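Open the model in your viewer and get ready to select residues. We will go from one stop to the next.

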Amino acid sequence: MRLDAASGLAAVRVEVEGACRALVLASPEALACCEGALQRAAEALRQGRAAWDWESASEAAKIEASRLQAGIRRAGRLLSSASRYHAGRLRILSAMTGGYSPRGEAAPMPGVRRFSLEG
Amino acid sequence: MPGLISSLYVQAGAINAFEQAIAVTSANVSNASTPGYASQTQTLVAVPEDIGQGATGGVEAGPVVSSRDHYADQAVWNQQTALGGSTQSVDSLTSLQSLFNVTGTSGISTALSSLYQSFSAWGQTPSDSTAQQAVLTAAGNLATAFQQTASGLASAATTAQAQLQQTVNQVNTLVGQLQQLNTLAMGSNGNDSGLDAQINSAIENLSQYIPVSATEQPDGTYTVMLDGQTPLVIGSQQFPLSFDMYQPADATNTDAPPLAQVIDANGTDITSDITGGQLGALLNFRNTVLPSYIGDGTQAGSLNTMAQQFADTVNGILTSGNISDASADGTTSAVPGVPLFTYDTTNATNVAASLAVSSTITPGQLAAIDPGPPEVSNGIPLALTQLENPESSADEINGESYTAAFGDMATQAGNLLNDATEDQQVAQSALTQAQNLQQQQSGVDLDQQAVTLVQYQSSYEANAEMITVLNQLMQDTINILEPGTT
């Protein structure tokens, strides 16, 4: 029996809201959790398009879709504000460590390499 | 003896330094929840040590370093501005939405529907005085509904105007407090963390009302600007804002409701610079949202346009008809219809507020006969009934029926409120996010302070113990040199 769309969307919304909570906390640990939550939400939504029962989509599914949409917009805004904050911080650090370019912009910082292992 | 004395001197200096460090840590713990407070750190500086040259070494208290992060502070102020703006928008738009009720038993939508029903009933019995009276009553109700909506919008404009004045006053009061705090800061040479907290708390309060940016000066004062352009306070000098209502230079209707403007200390209109905060939201509501309904010097507003077009259309249909036919022998000519609605024709922004049923019309003066050809005895009521579901562009407003047009106005108000409500929720989250980021940079971490306190306490106790030992040694030395004394 296929999962109905409303329940599937609600499960995705829970993941998105978890990501929002992590984004609000904004600690490095919380932000690390956020990435996973958003990936899980995107994957569940991608799979749900084929797997969920959309034919009997009810009013509840529409309400859930609307809530999910609001949640995604909220996550987007929080990601955007966090991104702006850290980009600005990076510019300040770049100027402090590397000075300014001939055009008056903060000198680019050497790229920070991330190393990750999965097993 | 000189060695012991210099050791005592070193230990006393160390105790003094650790006392200051404990006091700074204590202040941090006490102010952990104080708005605007940034964690302080007492630096410790090693004293040069060269016994041969008489330099005794030891430690002394260096400068107290603040963890204040202006970048994180600015991020919080920006989010406060966003939250202040969306909260004000929700407040203003909630009152607006209540004027555009399309589901209740009152208001323009219901009155319009009742008038169409009365036209339809009149069309079935065109000479029935009860049906004619019902048309006049329904038309009167519609006119009253337009008047009430216009009155509600005018009242919202008056409220917004009063709120704008209060907000500008509040901004000036907060900037005045900042000016006083700056004056105090000049006397403290920028070393007062409590004063610094008060200044930052005041700027954060201010940021709810207007977009602000602030720069700390070497003397500890803050230069505060509106949107980075208009100075509000520099050192001990305040630049007050003022508020005024005006008619734009390109106004074609000088009797229209005026617009609001905010003026800086130099007399420059800075309204367009204030795009955020409570003041920005109020200006948008007063200068953009409300005029779209009730008009201003350059536009009539959708409510007035609808009222005028509806009244003109109904009057046009009625006056194209006849109350009675000409007599067959030609001795009496046909009696033409008379207008149903009247309104103020001298002011396009006053149509809805002045819409009324003609004071001279009687039920029997409602023209039902469409002279044609062919003549239709109930052609006029049928044409009026047709307005509900128009088939001709002449019966439409902006390509749709009057009912749909009013629905669009209500939808616009509802959408604005929904957007503002969602913005408010997101802005609250974004503010918490910015405050958390600020806390990570300059907040008081109580766990860290507890560790620091224990370290300083241990150092203090160790130095105190050293003094006790040195004191005992000196006492022993004195006893050796002067036996018999205690």
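## Stop one: a strand under cover

Select residues 222-226 of chain B, which form strand β6. Most of this strand is covered, with four of its five residues buried. Keep in mind that this is a predicted model.

Pick B:Thr215 and look across: B:Thr223 in β6(B) stands opposite. Five residues lie between these two strands in their hairpin. Click B:Gly220 there; its phi is positive, near 90°.

Next, select strand β7 of chain B, residues 230-234. β7(B) pairs with β6(B), again in the antiparallel sense, over three bridges. Which residue of β7(B) is the bridge partner of B:Val224? It is B:Val233. The hairpin of β6(B) and β7(B) has three residues between the strands.

Nonpolar side chains tend to be buried together in soluble globular proteins. Select B:Leu96, B:Trp122, B:Phe310 and B:Phe341: they touch the most other members of the largest nonpolar core, which has 59 residues. Several helices of chain B each supply at least two residues, including α2 (70-97), α3 (108-124) and α4 (129-188). α4(B) gives the most, 14 residues.

Zoom in on B:Phe310. Beyond its neighbours within four places in sequence, its contacts include B:Leu112, B:Tyr116, B:Phe341 and B:Tyr402.

Last, select B:Ile203, B:Leu232, B:Ala260 and B:Ile274. They are among the 33 residues of a second, separate core.

Notes:
Residues are numbered from 1 along each chain as its sequence is written. Chains are lettered from A and ligands numbered from 1 in the order in which they are written. This is a predicted model: local features need pLDDT of at least 70, side-chain atom pairs count only at pLDDT 80 or more; totals for chains, interfaces and linings use all residues. Side-chain values use heavy atoms; hydrogens and water are left out. Buried means under 20% relative accessible area, exposed over 50%, partly exposed in between (1.4 Å probe, protein chains only). Two strands pair if DSSP finds at least two bridges between them. A nonpolar core is a set of buried Ala, Val, Leu, Ile, Met, Phe, Trp, Tyr and Cys residues joined through side-chain atoms within 4.5 Å. Contact means heavy atoms within 4.5 Å.
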